[in-house]
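Hi everyone, thanks for making time. I'd like to walk you through one structure today, so let's get it up on the screen.

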Amino acid sequence: MNPLTLEAASIKEFNQDDAPLGLFAFEGNGVAAPFLSSKTKKEINAELSDAGFKGNPGEKAAFRASDGNRSRRFIVIGLGGKKGFTADCQRKAASALYNAARKGKETMWISIPGDRQAAVEGFLLSAHTDPRYKEPCKDTKLQSVKVITQSAGEKKKTAAAIERAGLFSEAVCWTRDLVNEAPSDQSPERLTQTAKKYISDGVTLKIIDKKQAAKLGMGSYLSVARGSDAPPYFLHFIYKPKGKAKKKIGLVGKGVTFDSGGLSLKPAGSMETMKCDMAGAATVFGVMRVLSRLKVKAEVHGITPLTYNMPGPDATKPGDIVRASNGKTIEILNTDAEGRLILADALVYASKLKFDVIMDLATLTGAAVVALGNDVTAAMTNDKSALQKLLASSKKTQEMVWELPLVKGYKKQIKSKVANIKNIGNRGEAGTITAGLFLEEFVDAKSWIHLDIAGPAWTDGGQAYCPPGGTGAMVRTLLEYLSAL
Ligand code: BES
Ligand code: MG
Ligand code: ZN
């Protein structure tokens with residue numbers, strides 16, 4: 001739920017209204033607000049200097065000053081230095097402004113010196129609340145933000161940026177909400193119903209149930225579902241743009257609605273956040289939801305195998321050998337390496353659909369968190385030029401992505417004595433890469449990108465415009481990527 005709306009408005013309207021004005025200031029530069037009188041600016045700068053305001057990132061100052069013949073409340077947020085200023089600095093500063101103004105008045109004005117879309121995202125991503133399990137802060141009053149524009153052209157551009165930011169934020173926040181849902185409330189069946197309800201806009205959905213999955217030979221995927229009474233659902237969304245699509249993209253998302261580890265049970269601590277193990281699928285859902293409103297020109301398919309990973313009576317046992325839908329046999333030595341098992345069949349399925357690019361997103365390995373921490377997605381690919389395009393989009397959104405090499409020599413780690421492949425490599429040795437190499441065995445496509453989001457998909461806190469829990473990482477980057485095609 002987003003209690004906040006933003007709109008572009010003219011300077012004339014601003015001059016007739018006495019709601020507070022939020023401004024941004026670069027280090028050592030004072031506020032950038034050409035539309036204010038020099039008298040008002042002087043007063044503002046005097047207030048800032050009295051407060052010892054430097055313009056450091058996120059620094060805040062709030063005061064009253066005269067504006068024409070009225071007194072107005074001003075809230076100023078620092079942007080940091082002009083050198084190294086990015087759209088994300090603007091996004092973070094907007095988030096700081098939202099937090100500084102949230103308890104004040106119902107309406108406020110802002111003037112945006114940097115990237116408009118990023119600023120609006122900063123507001124919307126911070127304002128989003130999820131009332132399902134805990135009442136949101138009752139002291140929030142701010143509902144409407146008006147962005148000052150100085151010409152008809154600027155107003156039009158601003159309105160477009162607001163619309164785009166609204167769609168990006170809607171997708172991110174929905175992904176967060178899906179991840180945050182309590183795992184027992186969100187069986188594969190429930191998740192399927194939710195997806196069906198919200199992703200309708202120009203998108204069709206094929207639901208593959210357990211019986212059909214068995215018919216398709218998805219023995220690897222189904223081996224994970226065996227430990228739970230809740231039936232698995234394999235979803236296939238299809239978005240077709242109006243007119244002829246230039247590109248056909250497949251997005252595959254890991255949808256483990258809770259990862260207990262199965263019989264290779266996780267220790268209690270490691271299990272605490274494992275409702276986030278469907279974040280890959282939730283990312284795909286978030287993206288699919290807004291494609292038609294974003295007018296994406298590519299044909300985009302979302303493929304999400306959903307299942308619990310539980311140690312129920314019929315659970316897969318270490319030593320079991322299963323056959324995936326491409327005929328390859330897999331020796332399962334650790335039932336906690338389940339993500340690659342469900343993705344194996346999803347990637348075989350995707351490969352048959354002849355995409356220009358297949359991208360998978362998965363909270364796949366703890367090793368990715370060890371290697372790159374919580375802020376960086378690990379990428380692996382069989383097509384460097386395809387990855388370059390995604391990296392260019394991630395530069396724009398400032399969601400960090402770093403390539404790891406699919407080292408051929410490490411393939412021997414997943415050789416099995418009894419099957420075509422085994423589902424774990426050597427302990428403590430490039431676990432993210434060996435997982436990527438495992439997936440590659442099930443890809444039959446020229447361009448495939450694997451994104452291990454185990455770190456970025458979840459936060460325990462300390463993020464600028466994201467509360468603790470699911471983050472919606474990579475949703476904005478994928479939307480940026482898809483809308484650039
Ligand atoms: N879902 C986990 C990976 C994970 C770990 C995601 C931490 C988010 C945060 C995955 O299914 C898993 O358990 N992987 C194992 C693989 C191992 C058994 C080879 C791991 O990383 O320990
Ligand atoms: Mg696991
Ligand atoms: Zn998992």
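I'll start with the domains, then go to the contact between them, and finish with the ligand.

Some ground rules. This is a predicted model, where local features need pLDDT of at least 70, side-chain atom pairs count only at pLDDT 80 or more, and totals for chains, interfaces and linings use all residues. Residues are numbered from 1 along each chain as its sequence is written, chains are lettered from A and ligands numbered from 1 in the order in which they are written, and side-chain values use heavy atoms, with hydrogens and water left out.

Okay, domains. The protein chain is assigned domain 1 (5-148) and domain 2 (173-483), with bounds from an automatic or database domain assignment. Their centres, taken over C-alpha atoms, are 39 Å apart. In the contact, domain 1 puts in 15 residues and domain 2 puts in 12; contact here means heavy atoms within 4.5 Å.

How much area is buried between domain 1 and domain 2? About 1,200 Å², and carbon and sulfur atoms give 50% of that. Buried area is the accessible area (1.4 Å probe) that two parts lose on being put together, summed over both. On the domain 1 side, Leu125, His128 and Tyr133 lose the most, together 43% of what that side buries.

Now, charges. Side chains of opposite charge can pair when their charged atoms come close. The rule finds 2 salt bridges across the interface of domain 1 and domain 2, a salt bridge being a side-chain nitrogen of Lys or Arg within 4 Å of a carboxyl oxygen of Asp or Glu. In the structure there are 26 salt bridges. Glutamate 181 and arginine 132 form one, at 3.1 Å, N to O. Aspartate 88 and lysine 92 form another, with their closest N and O atoms 3.3 Å apart.

Last stop, ligand 1. Which residues come nearest to ligand 1? Of the 15 around it, they're Lys266, Asp277, Asp336, Glu338 and Gly366, where "around" means a heavy atom within 4 Å. The side chain of aspartate 336 has an N or O atom 2.8 Å from an oxygen atom of ligand 1. For lysine 254, that side-chain distance to a ligand 1 oxygen is 3.2 Å. And a polar backbone atom of threonine 363 sits 3.3 Å from a nitrogen atom of ligand 1.

That's my tour, thanks.

Definitions and conventions:
A polar contact is a pair of N or O atoms within 3.5 Å; within protein, one must be able to donate a hydrogen and the other to accept it, and residues adjacent in sequence count only if both atoms are side-chain atoms.
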